[in-house]
Amino acid sequence: MPTLTNKRILLGITGGIAAYKCAELSRLFTRAGAEVRVVMTRAAQEFVTPLTMQALTGNRVHLDLLDFEAEAAMGHIELARWADLVLVAPASADFLARIAHGRADDLLSTLILATPAPIALAPAMNQGMWSDPGTQQNLAEVHHRGYRLFGPDEGDQACGDVGPGRMVEPAELLAGCAELFSGEPLAGRHLLITGGPTREAIDPVRFLSNHSSGKMAYALATEAVAAGARVTLISGPVALPTPDRVTRIDVVGAEEMLSATMERITDADVFIGVAAVADYRPANQTAEKIKKDQVSMKIDLLRNPDIISEVAGLNPRPLVVGFAAETGDVLANGREKLERKRLDLLFANNATETFNSDEVAATAISAEGEIEIPRARKEAVARKMLGMIAERLSAAADTAS
Ligand code: C5P
């Protein structure tokens with residue numbers, strides 16, 4: 001089934017009888033994982049109501065360029081920037097003519113000019129209007145600009161004619177739109193990432209933890225979305241905003257992180273354990289704040305579960321990728337962890353240079369050998385790491401087929 005995971009589709013509907021098919025089209029898009037926002041021209045509203053489209057997409061439908069309330073909620077430039085793809089379906093002869101001339105006299109034509117996103121058109125009109133040299137000239141113009149054209153199909157028309165001008169069927173439009181994103185390295189993949197530190201409570205006000213900032217996990221989550229993935233980020237307590245389009249699950253302790261992971265692991269293609277999970281937790285957490293009436297005190301500690309090893313022990317299991325922040329013998333310790341924890345890939349680095357920093361260097365360690373990733377901003381390093389992960393996924397898919 002074609003996937004549009006995480007994609008933001010701006011569906012423009014213009015005035016034509018094929019507009020009724022947009023109800024089905026928007027359902028297919030949302031089922032494929034996309035978020036859909038609909039913009040309708042005045043004529044489109046004669047064929048299908050904004051309320052129908054709003055109910056199907058769960059988003060308010062955008063109708064007017066000069067609507068004070070709509071602009072306050074999401075202005076037209078913001079809407080143009082929001083989209084990953086603008087699809088106009090059906091695109092009427094009149095709409096083609098207007099955009100071929102670069103007009104911006106309603107919301108949809110304005111968005112076409114303003115958007116940095118790719119633009120696709122599914123023309124639909126009477127066969128005579130389609131064949132008219134004026135329409136063909138307009139079509140050549142928009143084609144020349146790089147707009148993607150879907151159809152039209154040939155066949156029976158609502159007006160009784162037979163010929164070219166039928167809008168391409170919704171399922172085919174979905175497949176065509178999904179195809180536009182299929183080059184993304186992680187298209188359709190689900191990545192489950194743990195990040196940040198864990199906090200292990202001693203009493204109601206004190207805890208054991210570490211210096212992890214969560215920056216590496218958050219950079220990976222951000223870049224994985226940009227590479228087409230669906231991302232679930234299980235995060236310990238950090239001071240970072242949730243990256244766009246990422247599902248974030250907040251946890252505190254290691255045991256909570258483990259159960260949050262296990263609840264979501266079954267449909268994950270990749271598990272990346274970036275979290276600096278506390279290795280131990282206090283054996284007893286007191287209900288009352290501990291008083292400082294003793295000169296010294298002891299806290300009994302229990303080993304925490306090793307989350308990544310638990311994931312690696314599953315059958316079937318996702319691709320399992322670990323991190324190792326070491327203070328010495330980075331490579332030897334990294335390889336030992338790769339093998340002991342049965343990981344597919346491990347990124348090792350120097351703990352003193354990594355924690356809380358915006359930059360990082362790493363060595364990728366796997367059964368095949370080692371690859372250096374030179375020091376750079378965590379986002380750039382994350383892109384390289386995800387490139388290696390995508391390569392492994394496609395190599396595994398090739399072997400399976
Ligand atoms: O053993 P160490 O903590 O150095 O191993 C690091 C790797 O193991 C990281 O990928 C980390 O997220 C994961 N880990 C884990 N659960 C633990 C300890 C580490 O998932 N309890």
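How many nonpolar, polar and charged residues does the shell around the ligand have? By class, this shell has seven nonpolar, two polar and four charged residues, where Ala, Val, Leu, Ile, Met, Phe, Trp, Tyr, Cys and Pro count as nonpolar, Asp, Glu, Lys and Arg as charged, and the others, Gly among them, as polar. The model is predicted, with local features needing pLDDT of at least 70 and side-chain atom pairs counting only at pLDDT 80 or more, while totals for chains, interfaces and linings use all residues. Residues are numbered from 1 along each chain as its sequence is written, and side-chain values use heavy atoms, leaving out hydrogens and water.

Around the ligand there are 13 residues, each with a heavy atom within 4 Å of it. The closest are Gly273, Ala275, Pro305, Phe323 and Lys337. A polar backbone atom of Ala275 lies 2.7 Å from an oxygen atom of the ligand, and one of Pro305 lies 2.8 Å from a ligand nitrogen atom. For Ile308, a backbone N or O atom is 2.9 Å from an oxygen atom of the ligand. Taken alone, the ligand exposes 440 Å², of which the protein buries 88%, as given by the Shrake-Rupley method with a 1.4 Å probe.

The ligand sits in the largest pocket, meaning that more than half of its atoms lie within 2 Å of the pocket's grid points. A pocket is an open set of points on a 1 Å grid over the protein atoms alone, with protein on both sides within 12 Å along at least five of seven lines, and its lining residues have an atom within 4 Å of a point. The volume of this pocket is about 840 Å³, counted as the space filled by probe spheres set on the points. Its lining holds 38 residues, and Val274, Ala275, Ala276, Val277 and Phe323 are the closest to its centre. β16 gives the most to this lining, with five residues; strands like this one are DSSP runs (E, at least two residues), and helices are runs of H or I with at least four.

The structure also has one cavity of 30 Å³ or more, a cavity being a set of points where a 1.4 Å probe fits but cannot get out. The largest cavity holds about 40 Å³ of space. Among the residues lining this cavity are His62, Asp64 and Leu107, while α3 (68-73) and α4 (76-82) each give two or more residues to the lining.

Technical notes: Polar contact = N/O pair within 3.5 Å; in protein donor to acceptor, adjacent residues only side chain to side chain.
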